Amino acid sequence: MATKKCYLVSANTSAGFVSFFGYVLKDAERAYIIKGGPGCGKSTFIRKAGEELLDSGFDVDFIYCSADKDSLDGIFVHDVNMAIVDGTAPHVIEPKYPGAVERILYFGDFWDIDYLRSHKDKIRYFIDEIGYEYNKYFNYMKNAKLIHDKLEAEYTKGMDFDRADILTEQMIKETIIGKKNKMGSEVHRFAGALTPQGQVSFYNQLTVGIKNRYILKGRPGTGKSTMEKKIAKAALEAGYDVEYYHCAFDPDSIDMIIIPELSFAMLDGTAPHVFDPEEGDKLVDMFRFVNTKIVREEEDPIKSIAEEYREEINKAKKVYERIKRLHDELEKYYVDATDFNEVDALRRRIVNYIKAMKEQ
């Protein structure tokens, strides 16, 4: 039965736009890079191609867009090691081995240029306004990260990291059994992200069939990400492959690791991606290492810092929603200017070509 996997490889974070698209393309023997404006059918092209290939028995990764939870940035077709990706801003992708590996699909060939030029003032307005709003969004996210750092510092005051380290070492000994006769490889992704339509997460979908699933609970600064990084490092050194899923707010932090060969996953189940243990899961409560006589959650400064953080994040969310509305208005011009019959015909040719590759 064909397997569908969903994740993101880029996100609009507190550190700016972060992309791990390189990990999608490094194993691709062939890749189609789509270029074109908003609303010209790139995401629909990618989605329909992915769904048709999935129905035809191919294992397909669906790579979602953090700026629109209903849009796709790409697919990876495992059976033939082929990628189809959106190579336009902000995740600009250019061919590294033009023709030999990558081929550009330019959807601008399907535009009514005269129509777009007749609306150039509106198009310029929306593009410039979106850029201005993104600057505001990233400023709010950066400020939120600084506030979050203060929150982490308050919890760190009462954290017993020695006990947390002992638990981590125990888990490494119990989990990383034996060594593989190879170098471990790593990939970096996002399991979820804040989108203009709200938080999205693919935790469940990504861990289907995982036998050893550990759910981390805790507070900011209690060492959840550090524990995951240490276990992942030990696995790589033992020759196991590791999937790193970064935090879409703070990309230096890890929300989840998966070690497929050990059927092992460890994920952060605290807000905003709340995930509670299910039957068979193991709970790891990092808050037990916090001295509650030192850390008083219901009192200041923690209470006031947490509220300040929520306010700043809410400001970012409102701007993100406005960006989506502006983008939707911009898309309308390109929708009206695009010959979708040509787009569909191109998709059918490429899908048929990929199907034929599997039969060779």
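Tutor: A polar contact is a pair of N or O atoms within 3.5 Å; within protein, one must be able to donate a hydrogen and the other to accept it, and residues adjacent in sequence count only if both atoms are side-chain atoms. The model is predicted, so local features need pLDDT of at least 70 and side-chain atom pairs count only at pLDDT 80 or more, while totals for chains, interfaces and linings use all residues. Residues are numbered from 1 along each chain as its sequence is written, and side-chain values use heavy atoms, with hydrogens and water left out.

Student: Which backbone oxygen does the side chain of Lys35 reach?

Tutor: Lys35 lies in strand 4 (residues 30-35); strands (E, at least two residues) and helices (H or I, at least four) are DSSP runs, numbered from the N terminus. Its side chain makes a polar contact with the side chain of Glu94 at 3.1 Å. At 2.9 Å, the side chain of Lys35 also reaches the backbone oxygen of Gly87.

Student: Is Lys42 buried or exposed?

Tutor: Lys42 is found in helix 2 (residues 42-55). Contact means heavy atoms within 4.5 Å, and, leaving aside neighbours within four places in sequence, the contacts of Lys42 include Lys35, Asp86 and Phe107. Buried means under 20% relative accessible area, exposed over 50%, and partly exposed in between (1.4 Å probe, protein chains only). With a relative accessible area of 8%, Lys42 is buried.

Student: How many disulfides does a search of the whole structure find?

Tutor: A disulfide is a pair of cysteine sulfur atoms within 2.5 Å. For Cys6, the closest cysteine sulfur is in Cys65, 14 Å away and therefore too far for a bond. The sulfur of Cys40 is likewise too far for a bond, because its closest cysteine sulfur, in Cys65, is 13 Å away. The number of disulfides found in the whole structure is zero.

Student: Which residue meets Lys217 in a salt bridge?

Tutor: A salt bridge is a side-chain nitrogen of Lys or Arg within 4 Å of a carboxyl oxygen of Asp or Glu. Lys217 counts as buried at 16% relative accessibility. The side chain that meets Lys217, at 2.9 Å from N to O, belongs to Asp276.

Student: What separates Glu312 and Lys315 along helix 8?

Tutor: The side chains of Glu312 and Lys315 meet in a salt bridge of 3.5 Å, N to O. Glu312 is buried at 10% relative accessibility, whereas Lys315 is partly exposed at 40%. Because they are three residues apart in helix 8 (residues 302-337), the separation is about one helical turn.
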